[in-house]
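Please read the explanation below with the sequence and the model side by side. Each paragraph takes up one part of the structure.

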Amino acid sequence: MQRLIFPLVIGHRGFRSQFPENTLVSFSAAIAAGADMIELDVTFSKDRKVVVVHDDTLDRTTSGSGPVYKMTLHELRQLDAGKWFDDRFSGELLPTLEETLAFAADTGARINIEIKSSAWEPNTPEDAIERRIVDMAIQKHLLENILISSFQPGFLENLAALQLHPEYALITGRTKPHDIVDVCTRLKVFSWHPHHETLKQPDIEAMHQAGIRVFPYTVNTPEDIHRLVTMGVDGIITDDPALAVSCLAPYRHARSIS
Ligand code: G3P
Ligand code: MG
């Protein structure tokens with residue numbers, strides 16, 4: 001990972017509070033607002049293309065309906081992924097990871113790619129999603145610009161086995177393992193992404209002692225941002241990167257990653 005300014009501002013699904021989540025317009029807006037990194041969610045389409053969408057189904061964030069895995073990429077690209085949020089975003093498409101990485105190559109944006117558990121395949125085929133992501137990033141010379149994350153530790157174990165050493169992170173939800181530091185240490189993660197309401201200062205200190213950064217999600221109020229940065233987090237994942245950039249300005253300083 002290149003030299004970074006901490007605490008990082010990571011735009012959750014782009015700039016989700018003001019733009020349709022997980023679309024290129026949302027990613028552009030997050031970068032324009034000063035986000036250091038964009039978080040997005042990926043899974044497979046029916047024809048095993050890596051697509052950017054949060055839910056298992058299309059109903060909430062597109063003009064389509066039903067499970068994502070039942071639609072080919074061609075079918076997914078007929079859908080509108082912006083109008084549900086506001087008419088101004090009508091015509092926005094559900095992105096592929098490929099085109100999102102092209103956007104990252106053009107803008108220098110760093111991307112936190114969250115692999116959804118819906119894409120988990122216990123037999124790990126040659127074209128498993130975690131391998132496809134790494135291959136795509138290498139092809140575009142972007143391996144240093146991506147951080148792969150998941151709630152599913154199996155993806156991280158598979159990434160650890162690759163020779164190319166992509167950076168990856170474990171996400172935990174409203175409950176977390178009691179031995180979370182040991183879990184993260186064993187997985188050799190770059191960072192831990194906890195639900196912010198579960199985070200306690202001793203967890204942060206223990207992670208830091210283990211050389212692991214802490215990026216809680218989803219942190220959307222000035223009070224929570226100040227509370228967490230005072231506790232020592234290394235970045236926050238937020239729906240409102242503009243707010244976070246302004247709240248974090250007094251705390252930010254350059255720190256190299258070794
Ligand atoms: O990556 C942090 C956060 O995005 C995990 O939860 O459901 O918003 O993808 P979710
Ligand atoms: Mg996510």
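**The surroundings of ligand 1**

In this predicted model, the residues around ligand 1 are H12, R13, E39, D41, H54, E114, K116, F151, I171 and Y217. Some of these side chains can be followed atom by atom. A polar side-chain atom of E39 is 2.7 Å from an oxygen atom of ligand 1, and one of D41 is 3.1 Å from an oxygen atom of the ligand. The side chain of H54 also has an N or O atom 2.7 Å from an oxygen atom of ligand 1. On its own, ligand 1 has 290 Å² of accessible area, and the protein covers 90% of that area.

Are E39 and D41 buried or exposed? E39 counts as buried because its relative accessibility is 3%, under the limit of 20%. D41 counts as buried because its relative accessibility is 0%.

Now turn to helix α5, which spans residues 153-160. Its buried residues are G154, F155, L156 and L159. An α-helix has 3.6 residues a turn, so residues three or four places apart point the same way. What covers the buried residues of α5? The cover includes the strands β5 (110-115), β6 (146-150) and β7 (167-171), as well as the helices α4 (129-139) and α6 (180-187). At the start of α5, the backbone nitrogen of G154 has a side-chain oxygen of Q152 within 2.9 Å.

Strand β8 covers residues 191-193, and S191 belongs to it. S191 is buried because its relative accessible area is 0%. Its side chain joins that of H193 in a polar contact of 2.9 Å. Setting aside neighbours within four places in sequence, S191 is in contact with L147, Y168, A169, L170, I212, R213 and F215.

Last come the cysteines. A disulfide is a covalent bond between the sulfur atoms of two cysteines. How many disulfides does a search of the whole structure find? The search finds 0. C184 is buried because its relative accessible area is 0%, and C247 is buried because its relative accessible area is 8%.

How values were computed. Residues are numbered from 1 along each chain as its sequence is written. Chains are lettered from A and ligands numbered from 1 in the order in which they are written. This is a predicted model: local features need pLDDT of at least 70, side-chain atom pairs count only at pLDDT 80 or more; totals for chains, interfaces and linings use all residues. Side-chain values use heavy atoms; hydrogens and water are left out. Buried means under 20% relative accessible area, exposed over 50%, partly exposed in between (1.4 Å probe, protein chains only). Helices (H or I, at least four residues) and strands (E, at least two) are DSSP runs, numbered from the N terminus. Contact means heavy atoms within 4.5 Å. A polar contact is a pair of N or O atoms within 3.5 Å; within protein, one must be able to donate a hydrogen and the other to accept it, and residues adjacent in sequence count only if both atoms are side-chain atoms. A disulfide is a pair of cysteine sulfur atoms within 2.5 Å. A residue is near a molecule or strand if one of its heavy atoms lies within 4 Å of it. Accessible areas come from the Shrake-Rupley method with a 1.4 Å probe; for residues, only the protein chains shown count as cover.
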